[in-house]
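Reader: Could you walk me through some helix packing and salt bridges here? I would like the cut-offs along the way.

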Amino acid sequence: MLELYQFELSQYSEKVRLILDYKELEYRTIEVTPGVGQLELFRLSGQRQVPVLKDGDTIVADSTAIALYLERQYPDKPILPADARERGLCLMMEEWADESIGIKSRKALYGGLSQDQSFRTSVLPDPVPDFVKMLVGSVPKELFEVLGYGVGAGPDEVKAARDSLQQDLEALSLMLVDGDRPYLISDRPTLADLTVAGLSITIKLPEGNYLNLPDSLKGKGIPGLADNPSYQPFFEWRDRLYAEVRKSSGSRPSGSSPTAIEIE
């Protein structure tokens, strides 16, 4: 069975989960322990970031590389259009989403986390010990903002990311507002749709039982973006796509916080 090493609330892990669900592939998710588990990822894949896919003795890192690998190895229900123009648009939109929504929504989310201590601890991965979550939650807002400078998420960067995301969400909403086009590129879901939808969870979490998170967090998101009525055409479209494609979190097997990945 395919194994996906992930963080539950990693948007790039969610991108891959959507692709796996759309292709109706059986897989198990394994939550990586921050720190020591990431060192094992580095030993095997040359980097510390999730997601990492294990398929037998094959290890694939990076969400785009995983998507293209799955398309080659499991071509049923393709995620790349056959038409040359649509394929080009699909690949271009996937890269745009990775570099725009993927990066900027993290910074904007950091700004939201600095405002809400309970939300901050709720989005930490499950393997993080309770005492660590308590420490993170107790960090004062002012100190949290200072820490943001060290990760490129100071107040100026957060504001710039939010402003840019507003333009992104407006553009996506305009593309979907009339409801005549069911998907972004063609008449069926493509890599572009699955990427944009998956990466948007850091802007607004889906309401269904798709992620292992408290009910109180479902449907929540970055204030001013997640609750802006101008962007509702996009989020309504995303919710329809989730209902069509995404499997519930309880329907897939999962592992318990490994610190190592074994290859047969």
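Author: Happy to! Angles under 35 degrees count as roughly parallel, over 145 as roughly antiparallel, 65 to 115 as roughly perpendicular and the rest as oblique. Axes are lines fitted to C-alpha atoms, for helices over the stretch in contact, and angles run from 0 to 180 degrees between N-to-C directions. Helices (H or I, at least four residues) and strands (E, at least two) are DSSP runs, numbered from the N terminus. This is a predicted model, where local features need pLDDT of at least 70, side-chain atom pairs count only at pLDDT 80 or more, and totals for chains, interfaces and linings use all residues. Residues are numbered from 1 along each chain as its sequence is written, and side-chain values use heavy atoms, without hydrogens and water.

Reader: How are H1 and H3 oriented to each other?

Author: Helix H1 (residues 11-22) packs against helix H3 (residues 63-73) with axes 9 Å apart and an angle of about 10 degrees. H1 and H3 are therefore roughly parallel.

Reader: Which residue does Arg246 meet in a salt bridge?

Author: A salt bridge is a side-chain nitrogen of Lys or Arg within 4 Å of a carboxyl oxygen of Asp or Glu. Arg246 sits in the loop between helix H11 (232-245) and strand S5 (254-255), and its partner is 232 residues apart, in helix H1. At 2.8 Å, N to O, that partner is Glu14.

Reader: Is Glu14 buried or exposed?

Author: Buried means under 20% relative accessible area, exposed over 50%, partly exposed in between (1.4 Å probe, protein chains only). With a relative accessibility of 0%, Glu14 is buried.
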